[in-house]
Amino acid sequence: MIETRGLTKWYGEFLALNHLDLKLEEGDLFGFIGPNGAGKTTTMKILATLLTPSEGQAFVGGVNVVDHPEEIRTMVGYMPDFFGVYREMRVSEYLAFFAAAYRVPGKERQRVVGDLLALVDLESKADETVGALSRGMQQRLGLARALVHDPKVLILDEPASGLDPRARVEVREILKELSAMGKTIILSSHILPELANVCNRVGIIAQGQLRACGSIDYVAAQVAPPRIHARVRETEPPAESGPEEDGLAQHFVTASAAVESLRQNLGCEVALGDEDHPGMIMVTPGGHGEVGPGQVAQALLQGGFELAYLEPVNPSLEEVFLHLTQDLGLGQSPVEES
Ligand SMILES: Nc1ncnc2c1ncn2[C@@H]1O[C@H](COP(=O)(O)OP(=O)(O)OP(=O)(O)O)[C@@H](O)[C@H]1O
Ligand SMILES: [Mg+2]
């Protein structure tokens, strides 16, 4: 439904988008995630026909955005990151105005406005002036505005920015509803966890390049290999310890020895859990994932330890985000789910 091929944008000497290849299927709710200045707004403006690319192509519904901007605008609803609001207008007039601008027939406008106000839960504010709405309400009004011509595709630039947690949840619910209506949605954010439970796919962008793309689980697993958590059973107490030796202390002795042994054998980071995970051995594989659960189990057994527990643990979304958006230098190829 949305595709970019080698999409590139120079602002003068500055390369803001560097050969971006994106592909969204119909019905996708796609999270476009990256730090400030990554190129999210640039990409979205190109897709919304508000900016022309320097190189490469972009298509919505198979239509080239540069060649057929009028056609694209009927298909796409765009919500900018900052939108000038007409503060003196009443909420219902505001939506009716944009409906007219998008050539919604006069006799349908009232119904369209009513439906949209219901969707974004602003019915009670229909007669207020736009300027009297809170930030969150204005944001929802912006969403309604992007929907006046019932577009198939929604391009939403940071729809949840500046909202309190409750308003964020509300926006998320509206997005789920729109997705269930069959719309293809691309939305941007700085925050990966925020999108984790709404988006079916995410793309992570930094310095104008796509760093990873796919389901959140896929991206997480590809980018930072899972940690391995393990526990070992107590071995025979050393001869010098008395019969009243504390069992937990003994446990630590065994676990510490196992940590030391793993460090030497695996050559990667191995830590012993703190009071939250007493006795837990936590192995962080190197960047290339050559250390897996099998290697950990084998190394422990060879070291004479008895394995009690072993589990791969996926990195947190914050860790994934930091890992992907760090300065890798140019020329890095993205991790992409097939
Ligand atoms: N009109 C412009 N002229 C010059 N440089 C620009 C222009 N617009 C954007 N840039 C630069 O291009 C890069 C990408 O900007 P863009 O707005 O696409 O980033 P973003 O991912 O949307 O960031 P943010 O999260 O802060 O909104 C930034 O370094 C920005 O400074
Ligand atoms: Mg932006």
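**Figure 1. The shell around ligand 1 divides into 4 nonpolar, 7 polar and 2 charged residues.** Ala, Val, Leu, Ile, Met, Phe, Trp, Tyr, Cys and Pro are classed as nonpolar, Asp, Glu, Lys and Arg as charged, and the others, Gly among them, as polar. The model shown here and in the other views is predicted: local features need pLDDT of at least 70, side-chain atom pairs count only at pLDDT 80 or more, and totals for chains, interfaces and linings use all residues. Residues are numbered from 1 along each chain as its sequence is written, while chains are lettered from A and ligands numbered from 1 in the order in which they are written. Ligand 1 is surrounded by 13 residues, and the closest are Tyr11, Ala16, Lys40, Thr41 and Thr42. A residue is near a molecule or strand if its C-beta atom, placed from the backbone, lies within 6 Å of it. Two or more residues of the shell come from each of β2 (14-24) and α1 (40-47). The largest share, 3 residues, is given by α1. Helices (H or I, at least four residues) and strands (E, at least two) are DSSP runs, numbered from the N terminus.

**Figure 2. An open sheet of 4 strands has the order β2-β1-β4-β5.** The pairing in this sheet is antiparallel; two strands pair if DSSP finds at least two bridges between them. Strands of a sheet pair through backbone hydrogen bonds, either parallel or antiparallel. β2 and β5 (63-64) stand at the edges with a single partner strand each, so one side of each has no neighbour in the sheet. Strand β1 (residues 2-11) is joined to strand β4 (residues 55-60) by 5 bridges, and the two run antiparallel. Glutamate 3 has phenylalanine 59 of β4 as its bridge partner, and threonine 8 stands opposite glutamate 55 in β4.

**Figure 3. β4 and β5 form a hairpin with 2 residues between them.** The two strands pair in the antiparallel sense over 2 bridges. Valine 60 has valine 63 in β5 as its bridge partner. In the turn, glycine 61 has a positive phi of about 55°.

**Figure 4. Two residues other than glycine, aspartate 121 and glutamine 207, have a positive phi.** Most residues other than glycine have a negative phi. For aspartate 121 the value is near 60°, and this residue lies in the loop between α4 (106-119) and α5 (135-146). Aspartate 121 counts as partly exposed because it has 14 C-beta neighbours inside 10 Å. For glutamine 207 phi is near 50°, and the residue is found in the loop between β9 (201-206) and β10 (209-214). Glutamine 207 counts as buried because it has 20 C-beta neighbours inside 10 Å. A residue is buried if 20 or more other C-beta atoms lie within 10 Å of its own, exposed if 12 or fewer, and partly exposed in between, with C-beta atoms placed from the backbone.

**Figure 5. Methionine 89 is found in the loop between β6 (76-79) and α3 (91-101).** Methionine 89 has 15 C-beta neighbours inside 10 Å and therefore counts as partly exposed. Its C-alpha atom is separated by 5.8 Å from that of valine 130, 41 residues apart along the chain. Leaving aside neighbours within four places in sequence, methionine 89 is in contact with Tyr94, Phe97, Thr129 and Val130. Two residues are in contact if their C-beta atoms, placed from the backbone, lie within 7 Å.

**Figure 6. Helix α5 has 12 residues and reaches 17 Å from its first C-alpha to its last.** This is close to the 16 Å expected at 1.5 Å a residue, where the expected span is 1.5 Å times one less than the number of residues. The buried residues of α5 are Gln139, Arg140, Leu141, Gly142, Leu143, Ala144, Arg145 and Ala146. Their cover includes β6, α3, α4, β7 (153-156) and α6 (165-180).

**Figure 7. The largest nonpolar core has 66 residues.** A nonpolar core is a set of buried Ala, Val, Leu, Ile, Met, Phe, Trp, Tyr and Cys residues joined through C-beta atoms within 7 Å. Those with the most contacts inside this core are Leu47, Leu95, Leu116, Ile155 and Ile185. Its largest share, 5 residues, comes from α3. Apart from this core lies another, of 14 residues, among them Ile228, Ala258, Val270 and Val291. Leaving aside neighbours within four places in sequence, leucine 116 is in contact with Leu95, Ala144, Leu147 and Val148.
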